[in-house]
Amino acid sequence: MKNSRAIFLLLLANSISGVAQGISMLAIPWYFTALIHRETLFGQVYFTVTSISLFWGLYAGTLVDRYDRKKIFLVINAVGLLILSSITIFGFSNGYLPWYLVALSFANTMFIYNIHFPNLYAYAQQITPRENYARITSLLEIQGQLTFTIAGGLAAVLLKGLDSHIQFPGFDFYLPFTIRAFKIYEIFAIDAFTYMVAFIIIYRIQSLPVQRNQIDTSSLFQRVKTGLSFLSKHRLLFIFGNASLFVFLTIIIFGTYVQPVYVDSFLHRSGGTYALGDMSFSLGALLAGFLTTRIFGEKSAVMGIILLSIIAGSMYLFMALNTFVLLFFIANFIIGSCNAAIRIQRVTYLFHHIPNRIIGRANSIFFVINVFCRMCFIAVLTLPFFHTGTNIIFSLAIMVAICWLGAVILIGQYKKLMKQPEVA
């Protein structure tokens, strides 16, 4: 593949920082839910950060289409390093972190995500030949999920610690060492270090664009207007781009807000179960990264997304009706597979139908709409009702409805989407 070295370095940098970010994003919800028992406060923090993301996400998309995408990667890694290092130094100096600094770390990671992923896909499209779009989207998904799988396993160890005696059904294992549970600021220290490593790797990337990036030097307002104008003229792409993100919408809400409460109040399990559930999700996603293109191909992307959205919704229903931990892991595995397969097919479809000069803004508009929906659902889920007894399972009914609604919308537009002309 052309630019193979650049793509390798991009994936490597993304993997290294992604592992630490994944650990932090698992540790922070658990910190609020199970360690300081202030899940409602975390809901408020999450709602506030999400609200700000509405504006930041839209602006981030204009930056992706305005500036050199490699330089954007360098800047966001430098910012992440600066903020996480400062928080870490405070933690080690005082032996603890106040909740608002933990919340700041959460906000920092969320805001970096908001520009990182639109920039990642725009840069990947820019340096990848058209015939390799399915291949690069699969590689990105495999890399992303592999890092989250590793992050899930490490988070289980770091949040809970590791005893020398490990028990599995019917087996006993003895290790010559133990690992104590890490403090939250020690986890942030790892995250900060990986930002530095990613910065160094990205700095060494050299690539030749397969397609020329047509820089839009107009005003911020005009750049946003151009993105909105493109999607208003291509309403099918607008519908597809949003409806195909419905499963991802549930993943974000469930993974960062609902799941820690679900594990704690419904399953009555520890942080290890929470982290291993996320690891199961990532393993399923990793498998999907290898198999999606082989099973569905590029021409059946829309039908694949419809079927997988229905299956994902069914798994949320399955979790609401069961308290068996093994079944929780299985459901997470299947949801992870569905989400990853949908993402691969969705991004491949968009690569073929949205020009590179505007894809950053298009993706940011999809993102902002998704964030707005997320904010509305989080506002509902912070109500005391969902945190009384085992009422958290009612939030899973909302997840089911979202997934199935996305499938219904795409079914209604299926024939038109299959006839949508590709970018020349």
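A: At 4% relative accessibility, R374 counts as buried, the term meaning under 20% relative accessible area with a 1.4 Å probe and protein chains only. This is a predicted model, in which local features need pLDDT of at least 70 and side-chain atom pairs count only at pLDDT 80 or more, while totals for chains, interfaces and linings use all residues. Residues are numbered from 1 along each chain as its sequence is written, and side-chain values use heavy atoms, with hydrogens and water left out.

R374 belongs to helix α13 (residues 356-381); helices are DSSP runs of H or I with at least four residues, numbered from the N terminus. Leaving aside residues up to four places away in sequence, R374 touches Y46, T50, M110, F248, L249, I252, I253 and F367, where contact means heavy atoms within 4.5 Å.

F367 is also one of the 5 residues of a nonpolar core that includes V368, V371 and M375. Such a core is a set of buried Ala, Val, Leu, Ile, Met, Phe, Trp, Tyr and Cys residues joined through side-chain atoms within 4.5 Å. The largest nonpolar core, with 125 residues, has its most contacts at F106, Y262, Y316, M319, I354 and L396.

As for the helix pair, α3 (residues 69-94) and α4 (residues 99-126) pack at an angle of about 165°, their axes 10 Å apart; axes are lines fitted to C-alpha atoms over the stretch in contact, and angles run from 0 to 180 degrees between N-to-C directions. The two helices α3 and α4 are therefore roughly antiparallel, a term for angles over 145 degrees.

Conventions: Parallel < 35°, antiparallel > 145°, perpendicular 65-115°, else oblique. Buried < 20%, exposed > 50% of the residue type's maximum accessible area, 1.4 Å probe, protein only.
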